[in-house]
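Visitor: Please take a close look at a single part of this model and describe how its elements are arranged, with the cut-offs behind each term.

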Amino acid sequence: MTEFDLIKHYFSRPTQRAALSGGDDCALIDPTPGMQLVISSDMLVEGRHFFADVSPFSLGHKALAVNLSDLAACGATPVAFTLALSLPSIDPGWLQAFSNGLYALADAHGCELIGGDTTRGPLNICITVFGEVPRGKALLRSGAQIGDDIYVSGTLGDARLALDALQGHIALPAEVLATARLRLEQPTPRVALGTALRGIGTSAIDVSDGLAGDLAHILKASGVGATVNTDSTMNLIASCARFDWARGQLDARKQLETVFSGGDDYELAFTAPPGARSAVHAASASSQTPVTRIGVIEARPGLRLVDGNGQLVEAQFASFDHFAG
């Protein structure tokens, strides 16, 4: 099988929205009138972003999911994506499962593959995704205002729990690990919530590297600070993580660390004015995505954690950094 046979067999389908897709030197996309294109790229590298034994279906899903999550954070609707794929060899069974996982998520979001590249080398997946948002309506990191509420969607912690278990740092029952690993390897991009927050949210980011660090990006871009209630963030703890902590295997400090430094959750952290609380809950309901209010934006720079009594929690949490250490 040649490179072009591989592309034709596994990664070629008729497109509906692209004016021109794979087979030429470039693809052509016609933006909807009155919309802006939203573009994001993410790379997944074997041994760095995923384990060698990950199922190819899950890997295909996650490769696109992490990009769709970026669109969600901007309130954008997915349109199309390109795939750059480096493979050590051509394995038809692996490629079929990978493309099945990729296309299943793409079809669920009406996002079509319009081109890319393949080469021989270490397993490496790079996707560039294109979305669209009404002009001037994109959710940006720089929009948080003093007095805004801070929200987080869904739950946090399962992905970190699975990673710790797979790396041998903790032991989990098989059924708990299986559920947590699904969250790690097949995250749910919150696209429906992101689009529902247009005109409601003032800023947003997806939680990929840990809540503390990702929220800090909003604070820096917006020139503000924040106070977060740790009792409220405990409501974000995922079911598998609760299962483990209920048996005393992880202490309170570890609970906070998992929430604030865990990463790979691909939930949305966002801000909105207090007067928009009803609208936020309506967006949550319409997108079938739970949200939790965890804090408030303030003028004083920096991120402060307080407990339910308003007492300062002396803790520092760092997010994941590829080049740290």
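Guide: V228 stands opposite L305, a residue of strand β12. The model is a predicted one, in which local features need pLDDT of at least 70, side-chain atom pairs count only at pLDDT 80 or more, and totals for chains, interfaces and linings use all residues. Residues are numbered from 1 along each chain as its sequence is written, and side-chain values use heavy atoms, with hydrogens and water left out.

Strand β9, residues 225-229, runs parallel to β12 and is joined to β12 by five bridges. Strands are DSSP runs of E with at least two residues, helices are runs of H or I with at least four, and both are numbered from the N terminus; two strands pair if DSSP finds at least two bridges between them.

β9 and β12 belong to an open sheet of six strands with mixed pairing, ordered β8-β10-β7-β11-β9-β12. Its edges are β8 (203-207) and β12 (302-306); each has a single partner strand, so one side of each is left without a neighbour in the sheet. On average, neighbouring strands are turned by 25 degrees against each other, direction ignored.

Two helices lie across strands of this sheet, with contact meaning heavy atoms within 4.5 Å. Helix α7 (residues 211-222) lies across β7 (149-153), β8, β9, β10, β11 (291-298) and β12, and runs at about 155 degrees to β8. Helix α2 (residues 56-73) lies across β8 and β10 (267-272), at about 165 degrees to β8. Axes here are lines fitted to C-alpha atoms, for helices over the stretch in contact, and angles run from 0 to 180 degrees between N-to-C directions.
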